[in-house]
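Dear colleague,

Please find below the structure that I am handing over to you.

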Amino acid sequence: MLANIRATGYMLIGSGKAFYWVKPTTGQFFLFTITALLSNFLFSWLAADEATHFNQQGLISYIVWPMVMLMAGLILAKRHHNAMLIFVPSILWLVADTLMALVQSGIQWAGKFGWLPEVTYPLIKLLFNVLFVWQALSLLWIFGKKLHWSWLERVLILLGAFAVFSVWQSNVQSQPIFQSDPIQPMITEADFYAQPILLDNMLAQLEPQRSHIKDWYFLGVAGHGEQEVFRSEIEQTKEYFDDQFGTQGRSLALINNANTFSRLPIASKTSIDRALQTIAKKMDVNEDVLFLTITSHGADGILEMSNPPLELEEVDAPWLRQTLDKSGIKWRVIVLSACYSGSFIDALKTPNTLIITASAKDKSSFGCSNEAEWTYFGQAFFAESLPKFRHFLPAFEDAKQSIAKRENRMGFEPSQPQLAIGEQMRLMLPEFEKSLAKSKT
């Protein structure tokens with residue numbers, strides 16, 4: 001046992017001495033299978049929240065790599081006519097995995113007690129990925145030297161392994177052996193009955209249009225309530241428009257999120273309809289401009305509205321067009337951030353409308369996660385390009401290039417953001433943007 005631990009130490013520093021010390025017996029294979037499994041059980045338990053359940057998928061994900069190493073040993077043993085090689089890769093892997101899991105458990109334990117400097121927390125996930133990849137690459141490295149692989153073979157194998165192991169480790173982190181129990185959102189009776197009042201109050205607070213000024217009215221909708229990124233994107237976009245484009249008092253956010261249920265009206269067909277009709281009454285529908293942005297998950301002609309445990313109807317393209325037309329609002333700037341959002345363009349087109357979508361009608365958009373503050377599109381358009389150009393058309397072109405570069409780096413299929421502008425809107429947009437720029441003062 002001590003010899004195998006020592007062999008693993010040499011392996012981790014890339015030394016061929018690992019082969020001198022390793023003791024590849026059946027008993028050692030089963031021994032370190034148990035230690036690796038127990039140490040990973042320990043880490044998963046420490047990393048999980050208090051309410052957890054055993055996750056069979058997580059166990060299967062863990063077992064995959066020891067079996068891969070055992071198969072590699074069988075192939076190497078047959079290829080080099082050396083039965084001693086059968087258990088070498090798997091034993092070195094299992095010992096390393098035991099050690100790495102214990103190191104990670106120690107870090108996790110220290111974090112639970114607040115013993116780690118706060119600056120280290122963002123780096124811990126990266127460190128855990130590095131440890132996993134390190135043990136794999138070091139194993140491949142010493143075998144490359146031992147079996148006299150050429151430098152080209154070593155480089156290609158290590159690069160391929162690095163890519164595979166990095167992606168694998170990132171993905172399996174969402175499938176730990178002990179997984180936190182899903183938290184079912186709860187809505188209190190008080191919050192439930194307060195919703196109509198919240199919407200009424202916010203609609204009542206919208207300020208009326210000003211004579212001889214082309215006012216902008218902002219309506220932001222966060223449709224999908226189970227990921228924080230949509231709430232964050234709408235709240236930050238509203239804050240930017242209020243601060244930089246003078247929509248303060250003429251802006252409204254409808255957000256689906258369990259954490260905002262007591263303070264903000266939810267996003268639904270009903271609330272969107274009421275908001276648009278009220279905005280139309282407050283504005284000069286023939287002179288002022290509506291800026292409508294919706295961010296959510298999407299499908300062909302669909303924008304998802306979800307806020308568990310409520311069951312909400314999805315927003316479809318014909319309904320949104322009918323609702324906008326019913327309001328009588330003439331001048332519209334519509335920004336949709338969702339997969340397949342380009343499928344809304346044909347339904348929403350008018351001579352007086354500018355439509356910007358995060359993707360083409362048959363493409364996905366990216367960046368929807370709890371950890372993100374913006375989607376890829378929101379980051380590029382609202383957070384970066386619009387503040388830089390302060391005009392919609394050049395901001396869109398700049399954001400489109402930025403998104404394409406990011407998607408290419410990530411290896412994603414291009415989302416192909418779209419823009420469609422009516423003839424009358426193209427003529428009037430520069431004038432509207434002058435008003436928007438001046439409205440801050």
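The paragraphs below set out the findings.

This is a predicted model, in which local features need pLDDT of at least 70 and side-chain atom pairs count only at pLDDT 80 or more, whereas totals for chains, interfaces and linings use all residues. Residues are numbered from 1 along each chain as its sequence is written, and side-chain values use heavy atoms, with hydrogens and water left out.

Three strands make up an open sheet with the order 6-7-8 and antiparallel pairing. Its edge strands are strand 6 (298–299) and strand 8 (315–316), each of which pairs on one side only. Strands here are DSSP runs of E with at least two residues, helices are DSSP runs of H or I with at least four, and both are numbered from the N terminus. Two strands count as paired if DSSP finds at least two bridges between them. Strand 7 (residues 302–303) is joined to strand 8 in the antiparallel sense over two bridges. Within this pairing, Ile-302 has Asp-316 of strand 8 as its bridge partner.

Salt bridges

Side chains of opposite charge can pair when their charged atoms come close. The structure contains 15 salt bridges, a salt bridge being a side-chain nitrogen of Lys or Arg within 4 Å of a carboxyl oxygen of Asp or Glu. Accessibility is described as buried (under 20% relative accessible area), exposed (over 50%) or partly exposed (in between), with a 1.4 Å probe and protein chains only.

One of the salt bridges links Glu-228 to Arg-231, with the closest N and O atoms 2.7 Å apart. Both residues belong to helix 9 (residues 228–244), and because they are three residues apart there, about one helical turn separates them. Glu-228 is partly exposed at 22% relative accessibility, while Arg-231 is buried at 18%.

A further salt bridge connects Asp-325 with Arg-321, where the closest N and O atoms are 2.8 Å apart. These two residues lie in helix 11 (residues 317–327), four residues apart, or about one turn of the helix. Asp-325 has a relative accessible area of 38% and is partly exposed; Arg-321, at 23%, is also partly exposed.

Lys-349 and Asp-346 likewise form a salt bridge through their side chains, at 3.6 Å from N to O. Lys-349 is partly exposed, with 44% relative accessibility, and Asp-346 is exposed, with 59%.

With kind regards
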